[in-house]
Every structure is written in C-alpha cells, then in structure tokens.
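Here is a walk through one protein model, written for someone opening it for the first time. Keep the picture open while you read.

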Amino acid sequence: MMGNDLFRKLACGAKFTNKNKLPAKRKLESADTATAPKLKPYIKEESDDDEQAAKRSHGSKSVAQNMEKQAEIKSETSSTDDSEDEQQKQPSSNRKKTPGKVTPNLQRMNQLRSEFKIHVKKSRHSPPVPNIIETFDQLTTEFDVSHRLVSNILACYSKPTPVQMQAIPILLNTHSLHAFAPTGSGKTAAFLIPILHHLKKPMKCGFRALIICPTRELAKQIQREALRLGDEMNLRTHVIQTVDNPKKSDYSFNSGRNYDILVTTPNRICYLLAQNPPKIDLSNIQWVVIDEADKLFEDSKNSFREQLDTVLTACNNPTKTMALFSATQTREVNLWVAKNVPNRIRFSVGLMNGAVELVEQKLLFTGSEAGKLLAFREMVAQGLHPPVLVFVQSKDRAQQLFTELIYDGLNVDVIHSDRTQRERDNVVRAFREGKTWILICTELMSRGIDFKGVNLVVNYDFPPSTISYVHRIGRTGRAGRPGKAVTFFTKDDTVNLKSIAHLIKSAGGEVPDYMLQLHGSSKRARDNLTRKAPKRAAIRTLPTFEYQQLQRKKRFVAKSKGKSKPSTSSSVVKIKKSANETVRSKNTGSKK
C-alpha cells in the first residue's frame with residue numbers, strides 16, 4: 001500500500017486545500033505583558049519560622065475568604081423571588097459589598113422562621129422584614145398595642161400561629177403584604193388585629209377599612225371575628241345585606257350611616273358604585289384586605305378580577321395598605337400583585353399548595369357513579385361521627401343527593417346558590433349548632449368557612465383541581481385538631497388523580513404505587529376540567545324505566561291540569577314519594 005492510499009484511508013477521504021486550511025497559531029500577548037517592564041527576579045532567603053508563619057497567614061486568609069463566599073451565597077439565595085422570576089441584575093456597587101456580621105438577634109429570628117417553616121421571599125422593592133413575635137404580650141411592649149385589644153386576643157388565642165407571628169408585625173408597620181398559609185391557620189386574626197389597632201376608635205368619616213371575600217357566608221364569619229376581637233372598642237363592622245332597598249343600601253356621607261370596617265363581596269360594592277350618584281364612598285379607605293385571593297383572581301367564569309379593579313380604583317387613598325391572604329398560590333395572583341403592589345413583603349408558611357398534615361386522607365375507588373351512593377351508605381352503616389361535609393360539583397347533584405339521603409333517616413341538609421339568603425343562613429346556623437349532622441354543599445362552602453369540629457369531609461365528586469382539593473379538605477383539621485377526608489373517584493376521574501395522589505403522599509398519607517406512576521394529563525385537559533364540570537350520571541337508586549315512566553305520568557297530569565312543566569329539582573321529591581308508594585303497594589299485593 002502506498003503512502004497516499006494510507007493517508008487517504010486515515011483521513012476518510014478528506015481533502016485539504018487552501019480554502020479550509022487552518023489559520024496559523026498566534027501568540028497570545030496581552031497589552032499588560034507587552035508594555036510591562038522586565039523585572040529581575042529576586043529570591044529572598046527565608047528561615048523555617050518565616051515559612052510556617054506565611055503558611056498560617058495564608059491559611060487564615062483562605063478560611064476567611066471561604067466564609068465570606070458562603071455568607072454571600074446565603075444572602076443571594078434568601079433574596080431571590082422564585083415565583084415572579086425577578087432575576088434582574090443588581091448594580092455593581094451592591095454586588096461588591098460584603099455582607100455584615102450576623103447579629104445574635106437576626107440569627108435567632110432565622111432559626112425561629114426555619115422552625116415554624118416561615119419562608120420570606122424578598123425582592124428588590126420590598127422593605128426590611130420586621131422580626132416575628134413569639135407571644136402576644138410583645139404587642140404591648142414593642143408596638144404599643146392597647147391592653148384592651150391584647151386581653152381580647154388572649155381570650156381567643158393562647159399563642160400566635162406561624163402566620164400570625166410574621167403577618168402581624170408586618171401590618172403593624174403598615175407594610176403591604178402577600179401571605180400564603182394553610183387552611184385553619186388563623187389568617188383572619190392576622191389581618192384583623194393590626195386593623196383594630198390602627199383604627200383605635202370610631203370616627204364619622206366613612207369606611208376606613210375594606211375586607212373583600214368571595215362569599216357572603218365568609219363575610220359574616222369575618223364580621224363575627226372582628227366583633228369578638230374588638231370587644232369594648234366600639235368599632236363598627238358592617239356587612240352589606242341588600243342592595244335593593246334604597247334607604248338601607250345608601251352608604252354615602254349624606255346618608256348619616258357611619259361605619260368603620262366594611263366586609264363584603266366585590267359584586268355588591270360594584271353595584272353601589274355604578275349608581276348615579278354612587279351610593280358608597282371609599283375615598284377614606286386606609287386598609288384593603290383581599291381574603292381568599294386565589295379564588296377572586298382565578299381564570300374562570302366566576303372570576304372577580306374586573307370587579308376588583310373597579311373597587312381598587314375607587315379606593316383612591318395613596319397611603320392605603322394592601323394585604324392579600326390565601327391558602328394556595330396561583331400564577332395569576334403573583335403577576336397581578338407584582339405589577340400593582342411592588343413594595344410588598346411576601347412570605348409563605350409550610351409547603352406551598354400542600355395539604356394539612358393533621359388530616360387523614362384516603363382515595364376510594366367506586367367503579368361508577370352508582371357505586372358512590374353505595375359507598376356512602378356503607379360508610380353510614382359503619383358509623384359516622386358528625387358533623388360531616390359532603391362536596392359535589394353542582395347544585396343539581398347536591399339536590400339529587402339530598403333527595404336520596406333524606407329518606408334514609410339521616411339528619412341531612414343542603415346548601416347551594418339556588419336557595420335564598422335566609423335559607424342559607426338558617427342552614428349554616430343549624431350546622432354550627434349541631435342540629436344538622438350531614439351538610440351537602442358545592443364549592444360555595446370550600447373557601448374560608450370555619451366550622452368548629454368537622455370530623456369528616458367526603459368528596460363525593462372528584463375535585464376539579466388540586467387547589468380545590470386543598471380547600472375542600474381544609475374544612476377539617478383546623479386549629480390543630482385532627483380530621484379525616486375521603487375522596488371518591490371513578491374510572492373517568494383520571495385527569496387530576498396523579499397530582500392529588502402526590503399531594504397526599506407529600507402530606508404523609510398512603511397511596512398505591514400505580515397512582516404515582518400514571519401518565520400525567522395535559523394542561524389543556526386540566527384547564528377544561530376547571531372551567532367546565534364533567535357530565536355525570538344522575539344520583540338515584542330508582543331504575544331508569546320507572547323513573548321515565550313517572551316523569552311521563554307527571555307531565556301528563558300537569559298538561560291535563562293546564563300547568564307548566566314541573567322543574568326537575570322540585571319534582572324529584574314527589575317522584576321519590578310516588579315510587580315508594582308503588583313499591584309498598586307491590587309488597588302488600590305479594591303478601592296477600
């Protein structure tokens with residue numbers, strides 16, 4: 001073999017010409033090396049003692065440099081804001097500054113925050129974070145809170161919860177706040193105590209504090225808590241009952257009705273603001289609190305985002321303090337707060353969007369929709385410890401389940417948006433007093449409502465999202481008390497099954513391995529499920545043939561009498577009664 005052939009085989013047929021010839025190597029000479037004068041080396045003779053001293057000094061310098069680097073890394077990680085991606089470059093002067101010495105007080109505060117799982121997320125616009133409080137007695141010594149208010153607090157709470165430890169000092173310093181804390185952790189008192197302290201006494205200048213929440217039931221609950229904490233302070237808390245009566249719905253200066261704190265839903269305020277002239281004045285608002293912020297800002301047909309923009313525009317006091325509280329975090333809320341309240345302090349307690357660890361969670365496969373009713377009746381046969389909350393996806397299904405269970409001899413009631421306000425108030429009152437054992441409800445009752453001692457939550461219909469699941473099971477296991485949650489699922493409820501299984505696993509629950517290995521669903525499928533509830537079979541034990549036969553009979557009777565077609569929600573009970581009568585007649589005939 002010739003040398004050219006060998007080279008061609010080694011080069012795999014590559015041809016080297018002047019076009020693809022490699023450039024000549026250049027000598028890398030910097031400007032400093034080119035202009036620097038040549039220095040003659042001078043070697044100094046050192047003794048052994050000098051060498052050891054030099055090594056010790058060099059070692060101490062390297063240790064100091066390592067400690068400074070570690071301190072810089074800690075300070076950088078603590079100042080990042082993950083959810084908003086505010087990764088903007090800081091000035092070079094700020095980067096060159098070395099962190100100061102950590103004081104013992106700051107070190108203790110950091111230890112307490114890590115102990116209670118309080119995670120403060122700083123941004124370049126946020127003010128310094130105040131120290132947390134360990135007892136309510138510190139409110140008098142450090143913040144000059146009145147003894148009357150502190151005694152009212154101690155009558156309700158023995159010690160502050162983690163969210164109260166951090167949120168109360170922030171709001172007492174009139175800093176805007178965005179806080180996330182688990183359900184039942186005392187968020188209501190966390191924003192009521194600073195408001196009551198700053199308002200101090202009643203004044204005749206209109207509303208000074210505005211608390212916005214998604215439901216009227218939650219507004220009434222916040223009003224009761226404000227009256228309890230503000231006992232003998234004479235501050236007036238009001239909930240808008242109606243907007244139809246022109247005398248009772250007029251809250252302008254000329255009406256002569258003076259209140260200090262307003263707790264209401266966004267739609268009622270928007271209706272009063274839209275009147276000509278407006279029947280409510282919000283120009284003196286000093287405090288704006290948005291409770292259950294993720295529900296108010298959610299991207300669905302029930303969103304209150306436009307109404308909130310209208311309300312906040314009417315609150316034109318430039319010195320107002322804003323506070324947003326929620327148990328779960330959503331991207332929509334974070335973007336809105338970062339744009340409209342840039343100088344806020346943001347922190348979270350515990351695992352973000354996590355379930356309460358005190359709740360024993362269980363997933364139960366029922367096969368089909370008919371198996372859900374059998375499973376619930378089996379739970380009743382084994383023994384239930386009331387009070388019990390049962391969640392369904394719609395008001396029609398709530399009425400259907402109520403119709404089935406009321407004939408089982410259970411003390412059950414139902415609440416949904418089709419019932420009047422007086423009926424809803426009576427239902428909630430009866431459930432709080434223990435007169436009702438089982439309450440069937442929709443998503444209406446999953447936000448912020450605090451029922452004392454709820455032992456069991458049953459998700460009869462699978463939750464549409466993990467956030468909905470967290471809020472539903474958060475009705476039990478509140479204020480440090482244990483609870484239990486059972487979730488029914490069928491073969492059609494696989495969109496959010498894997499994510500909820502991981503949520504239960506992270507809270508310490510037991511989940512089968514196959515659920516954790518399921519294929520994840522697409523974002524489009526999850527969004528569609530959140531916007532529109534899936535179609536499910538009706539809740540009834542009556543055979544389909546007899547049910548259709550009774551419906552035809554009802555329509556025939558209504559047509560013969562000249563009446564309109566009866567609604568399904570009102571005729572279900574009558575159909576059930578006639579079905580029972582037919583069954584009894586058949587049984588008596590067989591006995592004869």
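## A threonine between two helices

Let's start with Thr161, which sits in the loop between helix H7 (147-156) and helix H8 (162-172); helices here are DSSP runs of H or I with at least four residues, strands are runs of E with at least two, and both are numbered from the N terminus. Thr161 counts as partly exposed, at 22% relative accessibility. On that scale, buried means under 20% relative accessible area, exposed means over 50%, and partly exposed is in between (1.4 Å probe, protein chains only).

Leaving aside neighbours within four places in sequence, Thr161 is in contact with Ser185 and Gly186, where contact means heavy atoms within 4.5 Å. The C-alpha atoms of Thr161 and Glu134 are separated by 9.1 Å, and the two residues are 27 apart along the chain.

## What kind of model this is

This is a predicted model, so local features need pLDDT of at least 70 and side-chain atom pairs count only at pLDDT 80 or more, while totals for chains, interfaces and linings use all residues. Residues are numbered from 1 along each chain as its sequence is written, and side-chain values use heavy atoms, with hydrogens and water left out.

The protein chain has 23 helices and 14 strands. Of its 592 residues, 42% count as buried. Take the contacts between residues at least 6 apart in sequence: 77% of them join residues at least 24 apart.

## The eight-stranded sheet

Eight strands form an open sheet with mixed pairing, in the order S1-S8-S2-S7-S6-S3-S5-S4. At the edges are strand S1 (118-121) and S4, each pairing on one side only; two strands pair if DSSP finds at least two bridges between them. On average, neighbouring strands of this sheet are turned by 15° against each other, direction ignored.

S1 pairs with strand S8 (residues 345-349) in the antiparallel sense, over four bridges. One place to look is Val120, whose bridge partner in S8 is Phe347. Helix H11 packs on the sheet and touches strand S3 (209-212) and strand S5 (261-264), with its direction at about 115° to that of S5. Axes are lines fitted to C-alpha atoms, for helices over the stretch in contact, and angles run from 0 to 180 degrees between N-to-C directions. Helix H13 (residues 305-314) lies across S3, S6 and strand S7 (321-326), running at about 180° to S3.

Arg113 is in helix H5 (residues 104-115). A salt bridge is a side-chain nitrogen of Lys or Arg within 4 Å of a carboxyl oxygen of Asp or Glu.

A polar atom of the Arg113 side chain does lie 3.1 Å from the backbone oxygen of Pro130. Pro130 is also among the residues in contact with Arg113, including Val120 and Gln166.

## A network of salt bridges

The structure holds 25 salt bridges. Glu369 forms one with Lys372 (3.3 Å, N to O), and both residues lie in helix H15, three residues apart, about one turn of the helix. Glu369 also forms a salt bridge with Arg397, the closest N and O atoms being 3.0 Å apart. Because Glu369 lies in helix H15 and Arg397 in helix H16 (residues 395-406), this pair ties together parts that are 28 residues apart in sequence. Both Glu369 and Arg397 are buried.

Arg536 and Asp461 meet in a salt bridge too (4.0 Å, N to O). That pair links distant parts of the chain, 75 residues apart, and both partners are buried. Salt bridges that share partners join Glu369, Lys372, Arg397, Asp461, Asp493 and Arg536 into one network.

Asn234 is exposed, with a relative accessible area of 57%, whereas Glu292 is buried, at 4%.

There are cis peptide bonds to spot as well. One runs from Asn276 to Pro277, with omega near 0°, and another joins Pro386 and Pro387, with omega about 5°.

Methods. Polar contact = N/O pair within 3.5 Å; in protein donor to acceptor, adjacent residues only side chain to side chain.
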